[in-house]
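This report concerns the packing of secondary-structure elements in a single model. The sequence and structure are shown first.

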Amino acid sequence: MRTLRNAGQFAYLGGVSTDTAIHQLVCRIERSVKQAEFCVGIFLDIEAAISHATFHSMDKAMEAFDVSRVCHLWVKNMLTSRVAIAELQETKVSRVVERGCPQGGVVSPLLWNLVVHELLVILTTEFPELYTQGYADDISNLAVGYDLPTVRALFQRVLRRVLEWCHKVDLGINPDKIVAVLFTRNRKYNFKPLMLEG
């Protein structure tokens with residue numbers, strides 16, 4: 001049975017939390033440092049994910065999870081028939097909402113989890129040597145090895161794949177919230193910078 005947790009999602013689900021997510025990462029980092037390996041972590045944020053997710057990507061995600069037809073149609077109607085209204089004194093402006101989950105909506109976290117599940121599955125299946133976890137719109141990846149250029153090459157492929165997925169679902173990576181961290185006891189290394197859209 002498909003579940004969101006199987007792909008490494010730690011947000012908005014019972015039985016997991018930020019503590020669980022951090023514990024999983026720290027244990028892997030400590031183990032690699034103890035074994036004198038290089039451990040590289042890439043931490044990134046899908047930009048404005050929940051407020052910018054497209055109706056199409058949410059629709060496809062509900063289909064992929066075999067959400068019952070009645071619920072699927074109800075959610076689809078709820079998303080596509082929303083109107084935002086702003087009033088200031090005698091001026092009133094309204095606009096049809098064209099994308100995103102309702103701010104503070106009860107079903108919004110679930111819809112985002114369904115959408116990002118595809119990315120988590122892609123990363124865990126196409127890159128089995130990678131440890132990937134999601135926490136809402138934040139994605140953490142760890143790769144470990146004795147050869148730093150090999151780990152770097154893996155991450156360059158991972159970043160390209162994440163970008164491909166982002167373009168497919170019409171989202172992006174927040175450039176201000178992406179960081180690569182090298183964890184090692186080795187004092188001699190040459191870590192060539194990773195590239196992301198230049």
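The model is a predicted one. In it, four strands form an open sheet in the order 4-5-1-6, with antiparallel pairing. Strand 4 (130-135) and strand 6 (179-183) stand at the edges with a single partner strand each, so one side of each lacks a neighbour in the sheet. On average, neighbouring strands of this sheet are turned by 15° against each other, direction ignored.

Strand 1 (residues 38-45) and strand 5 (residues 138-145) run antiparallel and are joined by eight bridges. Within this pairing, valine 40 has alanine 143 of strand 5 as its bridge partner.

| Helix | Strands touched | Angle between directions |
|---|---|---|
| Helix 5 | strand 4 and strand 5 | about 170° with strand 4 |
| Helix 6 | strand 1, strand 4, strand 5 and strand 6 | about 15° with strand 1 |

Helix 5 (residues 108-126) and helix 6 (residues 148-168) also pack against each other, at an angle of about 150° and with their axes 11 Å apart. Angles over 145 degrees count as roughly antiparallel, and helix 5 and helix 6 are therefore roughly antiparallel to each other. Their crossing is right-handed.

On the side of helix 5, the contact involves Trp112, Val115, Val116, Glu118, Leu119, Ile122, Leu123 and Glu126; these meet Val158, Arg161, Val162, Trp165 and Lys168 in helix 6. The residues of this contact comprise nine nonpolar, no polar and four charged.

Terms used:
Residues are numbered from 1 along each chain as its sequence is written. This is a predicted model: local features need pLDDT of at least 70, side-chain atom pairs count only at pLDDT 80 or more; totals for chains, interfaces and linings use all residues. Side-chain values use heavy atoms; hydrogens and water are left out. Axes are lines fitted to C-alpha atoms, for helices over the stretch in contact, and angles run from 0 to 180 degrees between N-to-C directions. Helices (H or I, at least four residues) and strands (E, at least two) are DSSP runs, numbered from the N terminus. Angles under 35 degrees count as roughly parallel, over 145 as roughly antiparallel, 65 to 115 as roughly perpendicular and the rest as oblique. A crossing is left-handed if the near helix is turned anticlockwise from the far one by less than a right angle, and right-handed if clockwise. Contact means heavy atoms within 4.5 Å. Ala, Val, Leu, Ile, Met, Phe, Trp, Tyr, Cys and Pro count as nonpolar, Asp, Glu, Lys and Arg as charged, and the others, Gly among them, as polar. Two strands pair if DSSP finds at least two bridges between them.
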